[in-house]
Amino acid sequence: MARHVCKPLLHTSLWLALPLAMAGCMLGPDHVRPDVAKVATAQAQLPRAADAGVVPATPPSQWWKQLNDPMLDQLVDEALRNSPNLRAAQAKLLASRALQRQRRSEQLPSVGAVAGYAAISPPDAMVDQVRQIGEGAARVAENNGRPQEAAQLRDEFSRIDLDTDLYIAGVDASWELDLFGRKRRAAQEAAAKADADAAALADAQVQLAAEVAQVYLGYRGTRQRLMLGERNAQAAAESLQLTEQRRARGADSDLQVERARAQLEQQQGQLPPLRAQATESMDLLALMTGREPGTLDATLSEDRALPLLPAQVQVDDAAALIRRRPDIRKAEGELAASSAVIGQALSAYFPQVNLLGSIGMGASSLSELKGSSATSIVMPFLRWSIFDFGVNKARVAQARAGHEARLAAYEGTVLAALQDANSALTRFGAAREQLLKANNAEASATRAAALMTQRRSAGASSQIDLLDVQRQQLSAQDGLAQAQLQLLLRYVALQKALGLGWEQAPEPGAAQITGK
């Protein structure tokens with residue numbers, strides 16, 4: 001007897017457990033990070049790191065602080081807080097995260113309250129028809145010898161009011177049984193897109209920090225070259241004055257005077273472009289920090305030397321680079337989103353099952369809204385597009401093709417990032433060699449100027465010869481300044497290629513820093 005009772009219970013339990021078991025089913029592929037650049041990630045360091053003079057170690061996120069320039073620190077921090085471009089990227093990220101929360105909430109039942117009032121007035125034809133029925137009944141009563149009953153019927157039917165008030169109140173709910181993972185895949189897609197937008201914000205922070213540093217260092221280098229140019233122009237002016245004096249005594253010709261004048265004009269002609277470049281750099285820094293042109297003129301008016309390169313430049317391996325670079329993280333987020341789209345497209349082949357329920361009350365007056373007027377409805381609802389004429393098949397094919405495109409884009413992004421980092425290391429190493437040569441040239445020019453000064457003091461050479469050697473020294477100093485700037489710019493480009501600058505970046509718009 002117990003066996004006969006257990007069988008129905010077993011069947012009932014299986015039917016109840018079936019939706020729960022199927023709820024764990026999700027169609028389509030799960031995202032797995034592609035294994036790209038296996039050879040590079042297996043190496044202990046990047047291939048071009050050996051010739052760049054770098055140290056194999058984890059580099060600091062806020063790399064600009066290694067230059068020990070407080071003004072640069074302030075500008076980068078202010079740009080990361082106030083840049084309009086970063087605020088736009090952050091707003092997009094906030095919208096993506098809101099969509100992610102929406103998709104998660106859509107997996108839960110939807111419950112809502114319903115309340116309403118209706119005033120029903122029938123048409124006049126219906127009222128006339130009811131009264132005609134009453135008149136007919138009254139005539140039947142008269143014909144049967146019941147005049148009092150006939151009068152009563154006429155009185156009652158004349159006072160009939162068919163206008164009705166209807167009050168309703170209740171709660172309804174709906175829940176889609178996510179049997180094949182359509183909604184869960186949609187939630188995964190929204191989460192992946194939010195991750196991609198977060199990586200896009202991080203990438204914008206990396207780009208902005210590097211651009212601010214490049215413009216600032218370019219500004220300092222331009223100001224330094226401007227000072228050297230002014231000194232060179234002053235030396236050319238003195239040379240012209242001495243040549244004119246020698247011409248007056250007949251020691252030099254007009255040709256020598258014109259050559260000295262041309263030299264002066266040439267040196268002076270190099271100054272206006274440098275001044276314009278410095279002004280343009282200040283306005284560009286103002287734009288990056290969310291300010292109007294001219295607002296940083298007073299802040300940057302003080303001349304400062306170029307910052308020194310840190311004693312050690314840390315560079316880690318390719319695997320760490322791939323994990324850190326925001327553009328790669330963005331490409332992976334887009335790839336994961338496209339993978340979830342395939343599952344959503346596949347789920348269209350199968351039915352959607354919704355559970356609909358409602359509990360409510362209805363009455364002609366508020367006082368009658370009570371338990372006796374309650375009613376309930378429970379209804380499973382199935383929707384299944386059996387004949388779609390190839391629409392679902394086309395959508396699945398489109399989703400798979402989009403996923404293949406995202407996969408190719410991810411692989412291309414990884415390879416381009418590795419190429420970018422190795423090229424940056426090569427250029428950084430070349431800039432170091434260039435600086436070494438420029439240092440040697442400046443040192444030789446300085447020694448030549450010192451020797452010529454001794455000869456001039458002994459009367460063995462002329463003042464013009466001394467001024468020529470001093471101009472050569474200034475030119476060598478200018479070349480050294482350009483080499484120093486170039487090395488710093490290559491250092492910034494290397495940090496940008498490594499994807500640094502976003503891990504500890506402040507939230508855009510979190511604070512407002514004003515310049516002095």
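**Burial, contacts and cores in a predicted model**

Colleague: Why is V114 called partly exposed?
Modeller: This is a predicted model, and V114 has a relative accessible area of 37%. Buried needs under 20% and exposed needs over 50%. V114 at 37% falls in between, so the label is partly exposed.

Colleague: Where is the place of V114, and which residues does V114 touch?
Modeller: V114 is in strand β2, residues 110–120. Leaving out residues up to four places away in sequence, V114 touches I168, A169, G170 and D172.

Colleague: What makes Q205 count as buried?
Modeller: The relative accessibility of Q205 is 6%. The cut-off for buried is under 20%, so Q205 counts as buried. Q205 is placed in helix α7, residues 182–248.

Colleague: Which residues does Q205 touch, not counting those up to four places away in sequence?
Modeller: L80, L86, G501, W502, A505, P506 and P508.

Colleague: What makes L494 stand out in the largest nonpolar core?
Modeller: That core has 67 residues, and L494 is listed with V54, W63 and L300 as those with the most contacts inside it. The helices that each supply at least two residues include α3, α7 and α13. The largest share, 11 residues, comes from α12.

Colleague: Which residues is L494 in contact with, leaving aside neighbours within four places in sequence?
Modeller: V54, V313, V315, A421, A424, L425 and F428.

Technical notes. Residues are numbered from 1 along each chain as its sequence is written. This is a predicted model: local features need pLDDT of at least 70, side-chain atom pairs count only at pLDDT 80 or more; totals for chains, interfaces and linings use all residues. Side-chain values use heavy atoms; hydrogens and water are left out. Helices (H or I, at least four residues) and strands (E, at least two) are DSSP runs, numbered from the N terminus. Buried means under 20% relative accessible area, exposed over 50%, partly exposed in between (1.4 Å probe, protein chains only). Contact means heavy atoms within 4.5 Å. A nonpolar core is a set of buried Ala, Val, Leu, Ile, Met, Phe, Trp, Tyr and Cys residues joined through side-chain atoms within 4.5 Å.
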